[in-house]
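Let's take a friendly walk through a structure, going from one chain to the other. Have the picture open while you read.

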Amino acid sequence: MIGFVRNLIRYKDLFVELVKKDIKLKYRHSYIGVLWSMLNPLLMMVVITIVFEALFRREIEHFPVYVLTGRVLYMFFAEATNAALDSIQANAQLIRKVYVPRYIFPTTRVFSAFITNMAAIVPVVGTMLVLGMKFSFYNLLVVIPLLLVLFISVGVGLMLATFAVFFRDMKHLYSVLLTIIMYMTPIFYPESIVPERYLPLMELNPLFPVVRMVRDTVMHNTMPDAGDLMLSAGYTVLFLVVGAIVFYRNQNRFIHYV
Amino acid sequence: MNALEVRNVSMEYKMPSEKITSLKEMFIKRLKRQVRYKTLRALDNVSFEVKKGEVFGIIGLNGAGKSTLLKIVAGILKPTSGEVIRRGTIAPLIELGAGFNGQLSGLENIFLNGLLLGYSKKFLQEKLDEIIEFSELGEFIHMPLKNYSSGMRARLGFSIATCVQPDLLIVDEVLAVGDIKFREKCENRIQSMIASGTSVVLVSHSVSQIQKLCRRVLWLEKGRVRGIGETGAILPNYEKSSKTS
């Protein structure tokens with residue numbers, strides 16, 4: 001544990017630089033660069049709103065913001081965990097050549113996905129302004145669910161990165177899993193259409209309580225629900241601990257498989 | 001005081017008789033109990049130490065385990081058993097330019113590669129001019145790395161790796177970097193490091209190079225220590241043995 005902290009301090013500059021490199025490479029040779037991270041969710045929101053608003057207008061107030069918050073959160077999770085899954089393979093060259101703490105590869109990718117996706121705060125605020133929604137101090141509490149989902153993604157990413165080294169099938173399997181998670185997350189439908197008895201099943205999805213808390217703070221101007229907070233904090237600890245254990249147990253074998 | 005101690009290090013590779021890369025295959029093979037492993041001992045109980053300021057050579061034929069040993073010393077590989085104690089900073093010249101990215105400019109790559117070697121950003125900023133000057137890249141430093149020649153890449157890699165005064169330098173093979181002029185410059189830099197107290201672990205096929213530089217050598221054969229001691233005592237036997245085999 002002491003070794004871990006010392007390593008983290010020694011390699012903190014590398015951590016920052018790898019996050020920067022990821023972001024830089026993502027937007028290199030693109031004309032509007034980081035604007036895509038704002039435009040993309042906005043365009044998706046327009047599409048989904050056109051298709052589904054008529055259907056759910058009565059249940060959901062401020063439908064565009066509802067879609068936007070759900071969509072951005074899911075997109076971050078999908079992008080971050082997918083990038084982490086590939087991270088060991090993609091850095092095979094490095095793993096064979098130099099000593100760097102291995103966990104740096106999946107975690108930096110999660111963090112860079114977090115930063116680029118947070119650019120979507122701009123369109124969220126913009127849409128809220130256009131719809132004339134109320135702003136309040138509670139909006140700032142959105143950092144709580146955002147940090148929770150960040151660390152859930154780190155834990156899941158560590159696990160996926162490990163599995164993907166030993167089984168190439170993981171990538172394909174996970175794309176199916178992500179689709180399930182997407183439909184289990186109320187992005188464009190109201191929670192109320194889920195029958196009561198299936199609700200516990202929905203709560204197995206770690207994104208479920210997080211999305212609810214984001215909407216509580218941003219759209220309903222309230223504190224995050226205590227039950228949601230407990231549940232998602234539980235998921236965070238669970239995924240971080242399991243992810244770290246799985247990763248650390250296997251990291252010395254990576255080099256023989258990449 | 002020893003700069004490096006390697007104690008009873010063994011490295012085993014478990015080699016499945018066939019490679020299993022998918023879940024499905026693994027389940028089926030496990031059920032049928034068809035997963036067989038062969039153990040390959042790349043290193044068998046190797047011990048040695050390098051004193052401070054000493055130039056230590058490792059010799060052996062291809063496949064003797066020299067590169068594996070270097071990687072273990074550098075911390076890239078974890079040995080199956082045994083331990084490695086390193087005192088002070090290490091600069092591995094095993095693979096130059098690790099993590100170079102073709103899309104980024106030479107300058108950006110200096111930071112990326114330097115950080116991967118464990119230097120801090122502040123340190124790299126201080127050394128930046130020196131690195132660029134030593135690599136003789138001049139204006140080209142702002143060009144994307146994909147447009148560099150292989151010599152330019154190697155020069156940049158060497159300049160970054162040797163911008164510190166490490167306590168232990170790990171050198172693999174002859175550093176065939178760039179043209180004769182630059183190679184001389186590299187050798188001079190290593191010589192000046194040795195002169196100022198850096199210990200060196202050098203792996204080479206070239207007997208004459210080992211003879212010129214090292215005081216003590218380790219002779220590896222098929223992963224085992226065949227001999228260790230003064231260069232003068234080991235080298236003649238090594239040469240005799242490699243000629244007869």
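## A tour of two chains

In chain A, Tyr31 (A:Tyr31) sits in the loop between helix H2 (12-27) and helix H3 (35-56); helices here are DSSP runs of H or I with at least four residues, strands are runs of E with at least two, and both are numbered from the N terminus. Before going on, note that this is a predicted model, where local features need pLDDT of at least 70, side-chain atom pairs count only at pLDDT 80 or more, and totals for chains, interfaces and linings use all residues. Residues are numbered from 1 along each chain as its sequence is written, chains are lettered from A and ligands numbered from 1 in the order in which they are written, and side-chain values use heavy atoms, with hydrogens and water left out.

Is A:Tyr31 buried or exposed? A:Tyr31 is exposed, at 87% relative accessible area. (Buried means under 20%, exposed over 50%, and partly exposed in between, with a 1.4 Å probe and protein chains only.) A:Tyr31 also belongs to a nonpolar surface patch with A:Ile32, A:Leu35, A:Trp36, A:Leu39 and A:Leu43, and together they have about 660 Å² of accessible area.

A:Thr116, in helix H6 (residues 104-118) of chain A, is buried, with a relative accessible area of 5%.

Now for chain B, which has 8 helices and 9 strands. Its C-alpha trace spans about 60 × 55 × 35 Å along the principal axes, and 48% of its 245 residues count as buried.

Why is helix H2 (residues 66-74) of chain B largely enclosed by the rest of the structure? Because 7 of its 9 residues are buried; among them are B:Leu69, B:Leu70 and B:Ile72. Just after H2(B), B:Gly75 takes a positive phi of about 90°.

B:Asp172 is found in strand S6 (residues 168-172) of chain B.

| Residue | In contact with (cut-off 4.5 Å) |
|---|---|
| A:Thr116 | A:Ile23, A:Lys26, A:Tyr27, A:Ser37 and A:Glu79 |
| B:Asp172 | B:Ser67, B:Leu70, B:Leu93, B:Ile94 and B:Val203 |

Notes. Patches are made of residues with over 30% relative accessible area and no salt bridge: like charges are joined within 9 Å, nonpolar side chains (Val, Leu, Ile, Met, Phe, Trp, Tyr) within 5 Å. Accessible areas come from the Shrake-Rupley method with a 1.4 Å probe; for residues, only the protein chains shown count as cover. A salt bridge is a side-chain nitrogen of Lys or Arg within 4 Å of a carboxyl oxygen of Asp or Glu. Contact means heavy atoms within 4.5 Å. Lists of a residue's contacts leave out its neighbours within four places in sequence.
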